[in-house]
Amino acid sequence: MTSCKHSFIGKADGVHCAKCGLKLTAQEYAAMMQPSAAEAKKTARGGKKVTKDE
Ligand SMILES: [Zn+2]
């Protein structure tokens, strides 16, 4: 695991990080940028209501 914040540069065959050199295919890059739909639903903040009544 790196803590690199990744500065991806697009190439014909995908992207690579200019900082750490990590190479990703276009699909892997898309997956990283957009977490799974299931995860998105889980974190949709539907369970916690925020009220201003305190
Ligand atoms: Zn990186």
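This report describes the strands, helices and selected residues of a predicted model.

## Basis of the description

Because the model is predicted, local features are given where pLDDT is at least 70 and side-chain atom pairs count only at pLDDT 80 or more, while totals for chains, interfaces and linings use all residues. Residue numbers start from 1 along each chain, as its sequence is written.

## Overall arrangement

The chain contains two helices and three strands. Both kinds of element are DSSP runs numbered from the N terminus: helices are H or I runs of at least four residues, and strands are E runs of at least two. In sequence order, the pattern is β-β-β-α-α.

Of the 54 residues in the chain, 2% are buried. A residue is called buried if 20 or more other C-beta atoms lie within 10 Å of its own, exposed if 12 or fewer do, and partly exposed in between; the C-beta atoms are placed from the backbone.

## The sheet

Strands of a sheet pair through backbone hydrogen bonds, in either a parallel or an antiparallel manner. Here, two strands are taken to pair if DSSP finds at least two bridges between them. The three strands form an open sheet in the order 1-2-3, with antiparallel pairing. Strand 1 and strand 3 (23-24) are at the edges and have a single partner strand each, so one side of each lacks a neighbour in the sheet.

Strand 1 (residues 8-11) and strand 2 (residues 14-17) are antiparallel and are joined by four bridges. Within this pair, Phe8 has Cys17 as its bridge partner in strand 2, and Gly10 stands opposite Val15.

## Leu22 and His6

Leu22 is located in the loop between strand 2 and strand 3. This residue counts as partly exposed because it has 16 C-beta neighbours inside 10 Å. Beyond its neighbours within four places in sequence, Leu22 is in contact with His6, His16 and Cys17; contact means that the C-beta atoms of two residues, placed from the backbone, lie within 7 Å. Leu22 is also 9.5 Å from Cys4, C-alpha to C-alpha, although 18 residues separate the two in sequence.

His6, one of the contacts of Leu22, belongs to the segment before strand 1. Its 15 C-beta neighbours inside 10 Å are why His6 counts as partly exposed. Most residues other than glycine have a negative phi. His6, however, has a positive phi of about 60° although it is not a glycine.

## Ala26 in helix 1

Ala26 is part of helix 1 (residues 26-33). Because 13 C-beta neighbours lie inside 10 Å, Ala26 counts as partly exposed. Ala26 and His16 are ten residues apart in sequence, and their C-alpha atoms are 9.8 Å apart in space.
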